[in-house]
Amino acid sequence: ALLTGPGRYRFSVDHLLVLTVYQCHGACAEVDSDTEAVAGKGFKLGCISCKRRSEVESSSTIEWYFRPKGESDFVHIYTYKEDNPTIKNEQFLDRVDWNGSKRSSDIQDASIYLFNVTFNDSGTYRCFFNRILYYDNYEHNTVVSKVVHLTVVAKATRGTASIVSEVMMYVSIIGLQVWLLIEMIYCYRKISAAGEEALREAANAEYLAIASESKDNCAGVQVGE
């Protein structure tokens with residue numbers, strides 16, 4: 001396509017530039033938030049929304065809402081827009097800190113950090129991305145929401161998935177070490193065998209050289225006689 005005409009050539013180069021810009025942006029992965037906090041400690045409420053097209057510029061306003069356990073209504077607790085946070089509820093006054101995207105209006109990580117968690121913080125949290133996408137000729141508004149169901153406990157508990165992951169990690173480490181040991185033994189034996197073969201070949205070559213030299217000397221003696 002690059003050799004069929006000036007127009008097609010320019011089109012292909014533009015696409016390569018777009019791909020290059022796309023690759024230069026940081027990777028984004030929508031990881032779910034943890035859902036169990038320990039009373040008296042801090043806790044990160046995770047909220048991530050990745051854009052489908054990272055090369056498109058955007059700006060976002062983030063809204064956090066909270067519904068206490070056993071209640072039916074949500075209350076507005078926090079707003080964030082480009083380094084301008086506002087706590088909206090007295091229950092969370094001086095207890096919420098921004099833990100998401102820094103120094104940018106193009107927010108994809110809207111996580112917040114909750115200090116000194118209490119049992120009253122148990123409930124459902126909703127995070128809203130009010131995002132504006134800026135295209136060449138128009139703007140597009142989108143709203144994305146994420147939900148976190150938080151449970152506050154007196155003492156941290158380890159889930160089955162965490163235990164299995166740790167066991168698998170140790171099994172993988174041990175397996176890797178055994179494999180490396182086997183590889184080292186195999187390589188040592190192979191090098192040792194190659195060394196012995198080289199010594200035998202050198203000895204044979206030296207023997208043949210000596211034998212040849214002896215034969216030449218005997219021939220010379222016979223001619224002299």
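**Salt bridges in close-up**

**Figure 1. Glu 197 and Arg 200 within helix α2.** Three residues apart in helix α2 (residues 160–224), Glu 197 and Arg 200 are separated by about one helical turn; helices (H or I, at least four residues) and strands (E, at least two) are DSSP runs, numbered from the N terminus. The two residues form a salt bridge, with the closest N and O atoms 2.5 Å apart; the term denotes a side-chain nitrogen of Lys or Arg within 4 Å of a carboxyl oxygen of Asp or Glu. Glu 197 is partly exposed at 36% relative accessibility, and Arg 200 is partly exposed at 45% (buried means under 20% relative accessible area, exposed over 50%, partly exposed in between; 1.4 Å probe, protein chains only). The model is predicted: local features need pLDDT of at least 70, side-chain atom pairs count only at pLDDT 80 or more, and totals for chains, interfaces and linings use all residues. Residues are numbered from 1 along each chain as its sequence is written, and side-chain values use heavy atoms, leaving out hydrogens and water.

**Figure 2. The salt bridge between Glu 30 and Lys 146****.** The N to O distance is 2.9 Å. Glu 30 lies in the loop between α1 (6–24) and β1 (36–38) and Lys 146 in strand β9 (residues 139–153), so the pair ties together parts 116 residues apart in sequence. Glu 30 has a relative accessible area of 44% and Lys 146 one of 25%.

**Figure 3. The salt bridge between Lys 51 and Asp 106****.** The closest N and O atoms are 2.8 Å apart. Lys 51 lies in the loop between β2 (43–45) and β3 (57–68), and Asp 106 in the loop between β6 (96–98) and β7 (112–114). Lys 51 is buried at 10% relative accessibility, and Asp 106 is buried at 17%.
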